[in-house]
Amino acid sequence: VSRGLGDVYKRQPHDYQTYCIQRVVEDPAVGLFLRPGLGKTVITLSAVNILKYFRWQVCKVLVVAPKKVAEATWSKEAAKWDHLQHLKISTVLGSATKRIKALNTPADVYIINRENVEWLVDYYKQAWPFDMIVLDESTSFKNPASKRFKAMRRIRRFAKKVVLLTGTPSSKGLIDLWAQVYLLDGGERLGPTLGAYRERYFDPDQRSRTQIYSYKAKQGAEDAVLSAISDICISMKAEDYLQLPENVQHEIPVMLDEKAMKAYKQFERDLLLEVDEEVVTASTAAVLVGKLLQFCNGAVYSTEGHVVPVHDCKLDAYMELLERLDGEPALTFYGYQHDRDRILERLEKYNKGRKDKLRVRVFKGPADEDAWNNGEIDVLLVHPASCAYGLNLQAGGRHVIWYGLNWSFELNDQGNCRLWRQGSPYDKVFIHYLIVQGCQDEDVMQTIRDRADTHEAVMSALKARIKRVKEEIA
């Protein structure tokens, strides 16, 4: 950036991040096609900071994101970085009354979930106030017949700057690119209509006498399309300036809804009030923290051993993450049997009626190891204690998802090393942690970061929580 990044940052960004920030600052429209975990959020916020407070080129920024991302990710990321902590972020979520109140709250960045884009456009009509628009997970706008795409197209002319963020812009085929790129350039590069784009780059594939069901790319079409958009889109695969770590940690904040958070606080209070923090035993600690972690994941075992569902917040965040990975295989670590069962139930519901079903399997033995490495599984559910050691799963994928967090740094590290190990065909392995905010998950994650002794970490965290709960009611 012209005035030098040293004037803006206390922590120096990676070279590829510096480049991407500069492109967002300089270009009126740009697509950042970077894989999850590479810092798309901090790149964008850093550019917003420069554009608003150093160049005075934008006033109000709108971010459109999946619901769980909108709830926490952007505000959490801003709070992590010294140079971004002054940015005011307003989340435009909840009922219409709450959304309107959030829109009327002074802020730099306004974040709304993609389902409410049409409502937002109708709310402002011709008085559109946002001069910069960021579409987080822009594949949500790949269907030009969708209401959200049509709404965004209506107000595109009011935005001086548009940024697309996604890691998988066209994993289902080149057809997906037209609508996304149209929101960047109004049809300049790939044609003014989807029909024109199809006619130029595709031939009919499956069809009846009267209807075309699918299209296939013409010879050389992929190279031609990528060349046409190369000046406006930055792809991780296409740029050799990207110097990335081999192991990319990706912490995904999960916000409990108001009802679930209230229930968690009550559950924690009832659970811990009976315990004296001075005489917590190892067995007591294991039971108590286990109960709190179960609640974070969305269900708890009753005294009789029955599963009691309490919320779907983490499950929703998990499904959104799978959607963002867009078909890339995901090794998923769960914490409890009810986690596994609820994930399986949700995935079965997701697959119902779909042609492109996710191939799901629970790890049981060598046959599953072979199937994963042969590319026959999209989602492999594993308990970390059952596969943390000795298994070579690196050939089957590069994404690890921790649905249920584990206190043991050793189990966490060894679990990650199923993919992050010598012999992997991938340049990078991505470790995604789903972390419920303000709850026990945060204590576990801090232990993982600190590489702390499991026993001492559990005891210390539990004693601190017992003390806090008792002080709150004192």
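Helices, taken as DSSP runs of H or I with at least four residues, and strands, taken as runs of E with at least two, are numbered from the N terminus. On that basis, the predicted model holds 18 helices and 17 strands. The protein has 474 residues, and buried residues make up 54% of them. Contacts between residues at least 6 apart in sequence were also examined. Of these, 69% join residues at least 24 apart.

Two helix pairs were examined. Helix α2 spans residues 40–53, and helix α3 spans residues 67–80. Their axes come within 10 Å and cross at roughly 65 degrees. Angles of 65 to 115 degrees count as roughly perpendicular, and α2 and α3 are therefore placed in that class. The crossing of α2 past α3 is right-handed. From α2, the contact draws on Thr-41, Val-42, Thr-44 and Leu-45. From α3, Thr-73, Trp-74, Glu-77 and Ala-78 take part. By class, this contact of α2 with α3 has 4 nonpolar, 3 polar and 1 charged residues.

Helix α6 covers residues 147–155, and its buried residues are Phe-149, Ala-151, Met-152 and Ile-155. Around the axis they cover an arc of only 165 degrees, which puts them on the same side of α6. An α-helix has 3.6 residues a turn, so residues three or four places apart point the same way. The buried residues of α6 pack against β2, α5 (117–124), β5 (132–136) and α7.

Helix α7 runs from residue 177 to residue 185. Of its 9 residues, 9 are buried, so α7 is largely enclosed by the rest of the structure. The buried residues of α7 are Leu-177, Trp-178, Ala-179, Gln-180, Val-181, Tyr-182, Leu-183, Leu-184 and Asp-185. Just after α7 comes Gly-186, with a positive phi of about 65 degrees.

The axes of α6 and α7 lie 10 Å apart, and the two helices pack at an angle of about 20 degrees. Angles under 35 degrees count as roughly parallel, and α6 and α7 are therefore described in that way. Their crossing is left-handed. On the α6 side, Phe-149, Met-152 and Arg-153 make the contact.

Most residues other than glycine have a negative phi. Trp-56 is not a glycine, yet its phi is positive, at about 55 degrees. Trp-56 sits in the loop between α2 and β2 (61–65). Its relative accessible area is 68%. The cut-off for an exposed residue is over 50%, so Trp-56 counts as exposed.

Asp-326 is likewise not a glycine, and its phi is positive, at about 55 degrees. Asp-326 belongs to the loop between α12 (313–325) and β13 (330–333). The relative accessible area of Asp-326 is 15%. Buried means under 20%, so Asp-326 is buried. In sequence, Asp-326 and Gly-167 are 159 residues apart. In space, they are 8.7 Å apart, C-alpha to C-alpha.

A further buried residue is Asn-351. It is found in helix α13, which spans residues 337–351. Asn-351 has a relative accessible area of 10% and is buried. Neighbours within four places in sequence were left aside, and Asn-351 is then in contact with Lys-357, Leu-358 and Val-360.

Notes: Residues are numbered from 1 along each chain as its sequence is written. This is a predicted model: local features need pLDDT of at least 70, side-chain atom pairs count only at pLDDT 80 or more; totals for chains, interfaces and linings use all residues. Side-chain values use heavy atoms; hydrogens and water are left out. Axes are lines fitted to C-alpha atoms, for helices over the stretch in contact, and angles run from 0 to 180 degrees between N-to-C directions. Angles under 35 degrees count as roughly parallel, over 145 as roughly antiparallel, 65 to 115 as roughly perpendicular and the rest as oblique. A crossing is left-handed if the near helix is turned anticlockwise from the far one by less than a right angle, and right-handed if clockwise. Contact means heavy atoms within 4.5 Å. Ala, Val, Leu, Ile, Met, Phe, Trp, Tyr, Cys and Pro count as nonpolar, Asp, Glu, Lys and Arg as charged, and the others, Gly among them, as polar. Buried means under 20% relative accessible area, exposed over 50%, partly exposed in between (1.4 Å probe, protein chains only). The arc is that of the directions from the helix axis to the C-beta atoms.
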